[in-house]
Amino acid sequence: MKQVLYIFMRNDLPSLNAGKAMAQASHASAQFVKEFMSSNNKNDNQYFQNWINEGEGFGTTVVLEGSNKDIWNLLFKYTDEWCQGHIMDSTYPFKAQKELLDLMDTKTKQKYDITVCDNATMDNYGMINCTRNEHTCSWLFLVGEDETFDMFKKDCEQYNIKLHR
């Protein structure tokens, strides 16, 4: 049996730069480890231990990317079969044009969970620092034989999921 941790980064968030993506991938790994450390299922723990023992305290991890819709659609196919999780960053940072924020009423800002940061000042381009609740990435711990991974690769191609760049 092989076991691989897949992390799926969003590629449709222009503000998810390389540094933010690395932080979000770290969140996904930490959530995965927490999930298995608290699992009472002996089979799950054995797969986790096998994964940990592959390297010097870590196993094979592959970072892929796709749109929000494609990630959710792919992982929906694996909901009942494998362990997975989704990173929802409640304080995802982004910049928004102050002029547009001023046009939004409170109800619209609440709908999109937009919070203007305290003491935020407008930059030379009219942008202001904000946060929102955002799905940034997901993870899937896949366990199986070569055929399982071949099928998964085909599913990734079907949903336009590729290696993260």
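The lining of the largest pocket splits into eight nonpolar residues, five charged and no polar; here Ala, Val, Leu, Ile, Met, Phe, Trp, Tyr, Cys and Pro count as nonpolar, Asp, Glu, Lys and Arg as charged, and the others, Gly among them, as polar. This is a predicted model, where local features need pLDDT of at least 70, side-chain atom pairs count only at pLDDT 80 or more, and totals for chains, interfaces and linings use all residues. Residues are numbered from 1 along each chain as its sequence is written, and side-chain values use heavy atoms, with hydrogens and water left out.

A pocket is an open set of points on a 1 Å grid over the protein atoms alone, where a 1.4 Å probe fits, with protein on both sides within 12 Å along at least five of seven lines; lining residues have an atom within 4 Å of a point. Of the 13 residues lining the largest pocket, Tyr6, Leu64, Phe152, Lys153 and Cys156 lie nearest its centre. Helix α6 gives the largest share of that lining, six residues; helices are DSSP runs of H or I, at least four residues, numbered from the N terminus.

Now the cysteines. The whole structure has zero disulfides, a disulfide being a pair of cysteine sulfur atoms within 2.5 Å. For Cys83, the nearest cysteine sulfur is that of Cys137, 14 Å away.

Notes: Helices (H or I, at least four residues) and strands (E, at least two) are DSSP runs, numbered from the N terminus.
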